Amino acid sequence: MRINYPSTRAINKQLDELIKKPIYSLSPEALRDYEEYYFEKKCSGSKAMIEKAKDRIPGGVQHNLAFNHPFPLVITKASGHELTDIDGNVYFDFLQAGGPTVLGSNPPEVREEVIKLLNDGGPSTGLFHEYEYKLADLIASRVPTVDQFRMLGSGTEACMAAIRVARLATKKKHILKMGGAYHGWSDQLAYGIRVPGSKFTQAHGVPWTMFRYVDEFMPGDLADLERKLRMKKLHGGVAAVMIEPIGPESGTWPIDQVFLKGVERLCKRYGALLIFDEVVTAFRISDRGASGLYGIDTDLTVFGKVIAGGYPGAGGLGGKKEYMKYLAAGIQSGDKVHKALIGGTMAATPISCVAGYHTIKRIIETDACEYAGKMGNRLTDGLKTLVKQYNLPFVVWNEGSVCHLETVGTMHFVVDWKHPWTIPGVLKETSVRKKEMEYMGAAYTAEGLITLAGSRLYTSAAYNEDLIDEALNRFERVFKKVVKKA
Ligand SMILES: Cc1ncc(COP(=O)(O)O)c(C=O)c1O
């Protein structure tokens, strides 16, 4: 398959234009109709359950991927490409649990192996299980930049481990991350989240001192990265540059391979480790990881999501032996180095490892990344046609099975500290646009389409061309109700 490599320059230009244009979104009448005739009439079971849950759970839901307008849905069944809610409504699943289910939901090939494991030995013992080795071996034999793999409880934990290792290995302290990127919710990495340049402004509850050694650079901007590397060199140097290989927020701000090569070069020049956060991309856009696909020589790779196939305990750090030796636990090698303390009672449980191993094995055997990517291409091409047909300013692109449908460009704003008086304006504009994105998401839901935050769509190997075409018909029903708002 030809993955639809987006021309990042063209897409970023379209996004630059999108955020200057008036907002095009669902008309107020259409929103009201969806609320009244769909959510109120057909989702009463969800509504009642969430009302009760609000009493016991802050915000009524446990998960930040839940849709909130007008209220979250309660899902009772998931299979292949479909989700079913408590009221029996059936949806196309383009959320895919936030990314892990490249094979579709609950594939029997994985489930049966998990059940076998549960029947034999239960979910966890705290001692070694053969699948720990099998999963590590499979990942290391597939991803060219990974010699060794350590499984952890989540992507957040794996990002924390990665920067700890980088600091030990380089004896430097500073970490540079790309503005806008999400590397989990740990204290130090809660910096420059969503909006590039936003620094600590979204890190409520985290003391500023936590960011003494963390900084961000502008997405796709090699000159800015080099400037920061040079500056930090005067203050002890950069331990690691951390990036999502398709751009911040799963490529919401797309970057290209020339940029990736440039980052690789700069890391070598300044003695910083290159960390790819492949929580989304590994075993989704390629079963060799984005580093394997693009031929980038990374030092450490952060894994998550697909490596446990939608089962709990989805996190891990992989990399070159010379760096992985800085992780504590296990048989001590002859190396006399200080090691990073990492842990997790429920990290690398047999259940995560068996699910991850059989998910990845099946992905490789069936070429699922490629197939899901083809479905992504079809969905994206269809959406582009609709956008043109209805004369909308929306921007659509994909990298394989990671598809973007930007209606308002919320994440294309930048906070520029050279003009601090503009900051409140930028933050207000992004929150207004985010609300409109939620309304669009509610409309998609009412048409039977579950998306990620109304702007991202993951395809899986459980789709086929007819299903994608049917989904496109439903998107069209929403697009027909879009008006210019302001
Ligand atoms: C790129 C990236 N890194 C890290 C994380 C954090 O992973 P987790 O949610 O498993 O903690 C995410 C989660 O969405 C992510 O997308």
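About 2300 Å² of area is buried between domain 1 and domain 2, and carbon and sulfur atoms give 59% of that area. Buried area here is the accessible area (1.4 Å probe) that two parts lose on being put together, summed over both. The model is predicted: local features need pLDDT of at least 70 and side-chain atom pairs count only at pLDDT 80 or more, while totals for chains, interfaces and linings use all residues. Residues are numbered from 1 along each chain as its sequence is written, and side-chain values use heavy atoms, with hydrogens and water left out.

Domain 1 covers 8-43 + 367-484 of the protein chain, and domain 2 covers 108-366; these bounds come from an automatic or database domain assignment. The centres of the two domains, taken over C-alpha atoms, are 28 Å apart. To the contact (heavy atoms within 4.5 Å), domain 1 brings 23 residues and domain 2 brings 29 residues.

Across this interface there is 1 salt bridge, a term for a side-chain nitrogen of Lys or Arg within 4 Å of a carboxyl oxygen of Asp or Glu. The side chains of Glu249 and Arg456 form a salt bridge at 2.9 Å, N to O. The interface of domain 1 and domain 2 also has 16 residue pairs in polar contact, both residues at pLDDT 80 or more. A polar contact is a pair of N or O atoms within 3.5 Å; within protein, one must be able to donate a hydrogen and the other to accept it, and residues adjacent in sequence count only if both atoms are side-chain atoms.
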